[in-house]
Amino acid sequence: MKIALLQLNARLGDPEGNGRRVEAAYAQAVSAGAELVLAPELAIPGYLLEDRLWEPGMRRRIEVESHRLAALSGAVPLVFGTARPAPSGRLWNELWWCEGGALRHCAHKRVLPSYDVFDEHRYFEPDAAPQPLVAFHDHRIGLSICEDLWADPQLGNAPVGYGVDPIADLAAAGATLILNASASPSALGSYLPPGRSAPWAIPSKDAQRRRLLPGLTQKHGIPIAYASRVGAESWLLFDGGSGLALPDGRWQGCAPFHEGPLSVDPGAPGEAWHAVGDGPWLRKALVTGLRDNLAKQGLEALVVGLSGGIDSAVAAALAVEALGPGRVLGAALPTRFSSAESSALAEQQARHLGVAFLSLDAEAPFAGFSTALEKALPGRTFGLTDENLQSRCRGSLLLALTSEPDIQRRLGTERIAVLNTGNKSEAATGYFTLYGDGIGAFAPLGDCLKARVYALARDLGEAVPRGVVDRPPTAELRPGQTDEASLLPYVQLDAILGAALEAQRPEEGLADDLALLLEGEALAQARAALPRILGLLRRTEFKRRQLPFAFKVSPKAFGAGRRIPLTAL
């Protein structure tokens, strides 16, 4: 039986547009010979519409569009995810089996995740009852939705047990094929230094799927067809990962971020599972996040502050990959401490990328602020205030460019935003200036530790000048300043943050954990710095709350999945 799995990029709050996407992909799949078509979880409202799901008008639109799709179904069943009101006032997260112009079967999601970025109990009602099977062709088909797949007590990854196992229930009822409609956010594993391993490291979502799906099919002896969405919604990235897992441990699947129908067949042979490389995945994920967020928020161009450093260079290269060079402006913002090398590298990269370039004198507004302070505070000396003022002058100039008519003409649009270029290592320690380098619409590198920024630079090749990669990172806010002297060498800092933040290792055992990641002087230096780094992580939460959102590419990102009170130390 030929099954078409629809990897679609939904748009939140656009049930009519999402319905048209499903309709077009369904017609394409049927024309290609599909005998059954499966679309992702909540394909009609999108995952996850959050509090807009409480709006009566939105609920009506979702139901009207769902019935419209049901009515156009033909002899080939169309199975898609949607939502309808439950008696409790919340919603059922549903999977509709539509055939011959009508809704024939409906299954409810039984397991609702409420960990990390998930908060489904706020909106949905779990169904305690096992779902009935659907007889179709020679199969008895079980319907399941996303987290239902992850509830197996041995193979699942939830931090707490669910007490139910929907896949085991479907298998016990006699299912010969299981369909799972998903909207599963993707991420890399917790960071480890190159060549290192640790038993507590969190694997990537791809690795988790490669363990879960063949494990379930072999355990129950039933093939599982898995259709998951692609694209980005704010900070969440969806790479799809759709495919058919076979009981012999093999797989029929597609590459990450592919959009469109994927044809699979339980009666055809599969192939060995192949791991997705971190580098190619990360680059594609961040470009997808940029492109989707710009389009879905109605933005069309970006201004990027080019400092001659690694973060801004990588962010600019990603922006060009997402938008094309004609919709990106690079701006250098030198002050008295900026080196000629920095300005030259910024201009060199802009020329190579083919983007418009400006150099703005950030020294002039900085000198004005300094004069005002000196008049009010005679005898004051240069210090941290002045360092932050330089950053804020740069931020103000970047924001000013977005509304300048000449810049709008150059970029061909008035819908321009500033791109934040900060990384996770510095966000974790509060090593940035609020209202300065902390500005921007969103932060593509905000969940990337510095080591992953360097890996991206290598993957981007000539788009990032060699001189940028080789020079020591510096904000150039005072003479002789380097970031590693202010913080900690990034090798040690990222090892600490990879264990403490991304793998969520207990603080009392971190010194021992670091012995798996570092050695010699680097290990001693990291252990000595632990109290200071963990203190910075705790004390700078108020600053991170004011940062632009970052695209989630790690197991634990700042934002909705990490809820730390501002008033608790």
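D51 is partly exposed, with a relative accessible area of 38%. In these terms buried means under 20% relative accessible area, exposed means over 50%, and partly exposed is what falls in between, using a 1.4 Å probe and protein chains only. What we are looking at is a predicted model, in which local features need pLDDT of at least 70 and side-chain atom pairs count only at pLDDT 80 or more, while totals for chains, interfaces and linings use all residues. Residues are numbered from 1 along each chain as its sequence is written, and side-chain values use heavy atoms, with hydrogens and water left out.

Back to D51. Which side chain does D51 meet in a salt bridge? The partner is R122, at 3.0 Å from N to O. D51 sits in the loop between β2 (36-38) and α2, and R122 in the loop between β5 and β6 (134-136), so the pair ties together parts that are 71 residues apart in sequence. Like the elements named later, these are DSSP runs numbered from the N terminus: helices are H or I with at least four residues, strands are E with at least two. R122 is partly exposed, at 41% relative accessible area. A salt bridge here is a side-chain nitrogen of Lys or Arg within 4 Å of a carboxyl oxygen of Asp or Glu, and the count comes to 40.

Here are two further pairs. The side chains of R283 and E321 form a salt bridge at 2.8 Å, N to O. R283 belongs to helix α5 (residues 278-296) and E321 to helix α6 (residues 310-323), so this pair ties together parts 38 residues apart in sequence. R283 is partly exposed at 23%, and E321 is partly exposed at 33%.

The other pair is R336 with E363, 2.7 Å from N to O. R336 is in the loop between β16 (328-332) and α7 (340-353), while E363 is in helix α8 (residues 363-376), so parts 27 residues apart in sequence are tied together. Is E363 buried or exposed? E363 is buried, with a relative accessible area of 18%, whereas R336 is partly exposed at 46%. There is also a network of salt bridges that links R229, E233, D292 and K296.

Now helix α2. The 17 residues of α2 (residues 56-72) should span 24 Å at 1.5 Å a residue, and the end C-alpha atoms are 25 Å apart, which agrees. The expected span is 1.5 Å times one less than the number of residues. Which residues of α2 are buried? They are M58, R59, I62, E65, S66, L69 and A70.

Last, the cysteines. How many disulfides does the structure hold? It holds zero, a disulfide being a pair of cysteine sulfur atoms within 2.5 Å. For C106, the nearest cysteine sulfur is that of C98, 9.1 Å away. C106 is partly exposed at 27%, and C393 is buried at 2%.
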